[in-house]
Amino acid sequence: MRPVWLTVDSDDIRHTPSSQGHPTRSKGAPHEGTSNEMKNAMKAFRKWLDRTQVTLTIFVIADQLDDPIFNQWLSDLLKNHPQVTIGCHGLTHRCWSAFPEDVDGFLAAIVEADIKLHKFAGDAWRPWFRAPAGYIAPWMAPVIAKAGFELDSSVNPSWLVRKKAGPWKDWNAVENALKDSGLISRPWLTKFGLPTCGPALSIPFLRWNAKRAWSRLGPFVLPDEAEETVYWHILDHGKKNGQWRPPLIT
Ligand SMILES: [Zn+2]
């Protein structure tokens, strides 16, 4: 077994790159608020958390706090689960490394997100960052540090998604930039060079590979003690009629 840091991302359907935030993948159907699919998933996730009581971090997109349904749900969750911490998953879900370099725009967005999330989460807030959709380029690292973050968990060190890593399509370049900026990096678990987190949990073959990798994980700890980092989406909990679970022994 290997100590693991469990993380979930709070993306609603409107945040997915196919909907918004990406220069070529987005079809531009803007939505607002919390979707019905998300509401069901939030309910199922909360049930799972109440039962398992696991230590985990939720990476939240700051624009979700504007929606009273999501805001209320998260604040009740935090009241009842002091073991849950909150990190930043962007102000919106803009895929920064898919666009031309924009230091000022990126800095302004994550400073605003930081203030919003910190104010909301209070003691549960941690200066931890995860780039929307895992799109992170080397130029973003010093900006993340400048905004006051101490840890980054955006790197998915697999050749399959190297195009997300910026102009050189090189995860090592991103890792070096994070290190040079004084940030701690917590990349996501891969197996056989393949992704095991997020969407990989529901893609045929990758799902099989992920299940095998995840079945050996535990205990569930914070990033300072963890040897591995995994993530999934709150939205996943809406699958299988609310019966979906991450492939962990809980
Ligand atoms: Zn996301």
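Predicted model: local features only at pLDDT ≥ 70, side-chain atom pairs only at ≥ 80, totals over all residues.
Colleague: Fine. Where is the place of Leu-201, and what does Leu-201 touch?

Modeller: Elements first: helices (H or I, at least four residues) and strands (E, at least two) are DSSP runs, numbered from the N terminus. Leu-201 sits in the loop between strand 8 (194-195) and helix 6. For touching, two residues are in contact if their C-beta atoms, placed from the backbone, lie within 7 Å. Not counting residues up to four places away in sequence, Leu-201 touches Arg-207, Ala-210, Trp-232 and Asp-236.

Colleague: Ala-210 is in helix 6, I see. Which residues are buried in that helix?

Modeller: In helix 6 (residues 206-214), the buried ones are Ala-210, Ala-213 and Trp-214. Seen down the axis, they fall within an arc of 90 degrees (the arc of the directions from the helix axis to the C-beta atoms), so they line one face of helix 6. Their cover includes strand 7 (190-191), strand 9 (217-220) and strand 10 (228-233).

Colleague: Let me try helix 5 the same way. Which of its residues are buried, and which are exposed on the other side?

Modeller: Trp-171, Val-174, Ala-177 and Leu-178 are the buried residues of helix 5 (residues 171-180). They cover an arc of only 120 degrees around the axis, which puts them on the same side of helix 5. Over on the other side, Asn-172, Lys-179 and Asp-180 are exposed. Helix 4 (140-146), strand 5 (151-152) and strand 6 (184-185) are among the elements covering the buried residues. After helix 5 comes Gly-182, with a positive phi near 80 degrees.

Colleague: Now an exposed case. Where does Glu-227 sit, and why is Glu-227 exposed?

Modeller: Glu-227 is in the loop between strand 9 and strand 10. Glu-227 is exposed because there are 12 other C-beta atoms within 10 Å. Still, Glu-227 touches Arg-2 and Pro-3, leaving out residues up to four places away in sequence.

Colleague: On to the strands. How do strand 2 and strand 3 pair?

Modeller: The general idea is that two strands pair if DSSP finds at least two bridges between them. Strand 2 (residues 56-60) and strand 3 are parallel, over five bridges, and Ile-58 has Ile-86 in strand 3 as its bridge partner. Strand 3 also pairs with strand 4 (residues 125-129), again in the parallel sense, over two bridges. There, Ile-86 stands opposite Trp-125. Four of the five residues of strand 3 (residues 84-88) are buried, so strand 3 is largely enclosed by the rest of the structure.

Colleague: What do strand 2, helix 2 and strand 3 make?

Modeller: Handedness works like this: with the strands pointing away from the viewer, a crossover is right-handed if the path from the first strand over the helix to the second runs clockwise. Strand 2, helix 2 (residues 68-80) and strand 3 make a right-handed β-α-β unit. The crossover from strand 3 through helix 3 (residues 103-121) to strand 4 is right-handed too. Strand 4 then runs parallel to strand 5, joined by two bridges, and the β-α-β crossover through helix 4 between them is right-handed.

Colleague: Last one: which residues touch the most other members of the largest nonpolar core?

Modeller: A nonpolar core is a set of buried Ala, Val, Leu, Ile, Met, Phe, Trp, Tyr and Cys residues joined through C-beta atoms within 7 Å. The largest has 66 residues, and Ile-110, Ile-136, Met-140, Ile-144, Val-174 and Val-230 touch the most other members. Leaving aside neighbours within four places in sequence, Ile-110 is in contact with Cys-88, Leu-91, Ile-144 and Ala-147. For the whole protein, buried residues make up 44% of the 250 residues.

How values were computed
Residues numbered from 1 in each chain as written. Buried ≥ 20, exposed ≤ 12 C-beta atoms within 10 Å, placed from the backbone.
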